[in-house]
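Hello,

Here is the structure you asked for. My notes are below it.

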Amino acid sequence: MPAIHVGTPMPLPMYPGERIALLTQHGKERVIGPVLDDALGCRVEHVAGYDTDLLGTFTRDIPRAGTQLEAARRKAQMGMKLSGLPIGIASEGSFATDPYLGMFPWNIELILWIDTGRELEIVAMAQGKTNFSHLLTADWAEARGFACRSKFPDHHLVVRPDGEQDPAFRKGLSNWTELELAFSAAQAQSGEGQVFLETDMRACANPTRMETIRLAAEDLSQRIRSRCPECASPGFWKVERISGLKCSSCGEPTSETRAVIYGCINCEYRCTRELTDPPRADPRFCEYCNP
Ligand SMILES: [Zn+2]
Ligand SMILES: [Zn+2]
């Protein structure tokens, strides 16, 4: 997608030389840093020294408190506190089924930018397919099939005895020898000889998720670069969609998007942009042509 500058075009970098705190222990700085540094002229700095797993894990040993946005906010604030920097960024993922058919695993990545000096909070997102899955089996051949479908070994796995709640898990399994050993050990520990395998959803263990995080960072950089025409605040972005694009066959309004309203997160300014591409809706979406 090309960069969209909805508000005032920006000849100069938005945050030249400013240091941005990014608290992560799962390698997210590798994709978030380059995207934002290039787009904003800032310097994303990796902050360590706090175990972000204490705020929730995908392996259920520590449940996440609150919403995805609240979890990201806690991480961003912790990163700013540890580094003493006034701008912080954090990302948080969640998993569901796809919004189209509700049949496939789906990943939603949220990324949050907090600028305490300007009193701004900008939220961006990306979503897409993922390999999120699990299997309970006593059979190594079945486990191997599951691993192949899960894009192992590029995508790592977690193995434990008996079921999803067993605390004796091994994360980050990343080669076949390791996986087979972990499978045998879990099977020996299990009363029923059953092994629970699941995809490791930490960013560093899952290249598909890492790419979705990169796309969320791209979305964030576009939102930050779009300034309000009224007050020049970053984050001037879409707040509402207006349906009613006319049908190309009969001319009646359809449910397709006709215009988008952009709004400022700092002042009251809003503006409506009519969409011109496509100029008319496909009759498939028309109540009259395709009831
Ligand atoms: Zn029509
Ligand atoms: Zn404004």
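This is a predicted model: local features need pLDDT of at least 70, side-chain atom pairs count only at pLDDT 80 or more; totals for chains, interfaces and linings use all residues.

Residues are numbered from 1 along each chain as its sequence is written, chains are lettered from A and ligands numbered from 1 in the order written, and side-chain values use heavy atoms, without hydrogens and water.

The zinc ion (ligand 1) is coordinated by SG of Cys 247, Cys 250, Cys 286 and Cys 289 at 2.2 to 2.4 Å (donors are N, O and S atoms within 2.8 Å of the metal, or 3.2 Å for Na, K and Ca; water is not among the atoms, so sites may look incomplete). Its site is tetrahedral, with angles of 102 to 112° (four donors, all angles between 85 and 135 degrees). Cys 250 lies in the loop between β10 (237-243) and β11 (257-263) and Cys 289 in the segment after β12 (270-274), so the pair ties together parts 39 residues apart in sequence (strands are DSSP runs of E, at least two residues, numbered from the N terminus).

Cys 228 is buried at 1% relative accessible area, and Cys 231 is partly exposed at 32% (buried is under 20%, exposed over 50%, partly exposed in between; 1.4 Å probe, protein chains only).

Met 103, in the loop between β3 (87-97) and β4 (105-115), is exposed at 58%.

Regards

Terms used: Helices (H or I, at least four residues) and strands (E, at least two) are DSSP runs, numbered from the N terminus. Four donors count as tetrahedral if all angles lie between 85 and 135 degrees; four count as square planar and six as octahedral if opposite donors are over 155 degrees apart and all others between 65 and 115; anything else is irregular.
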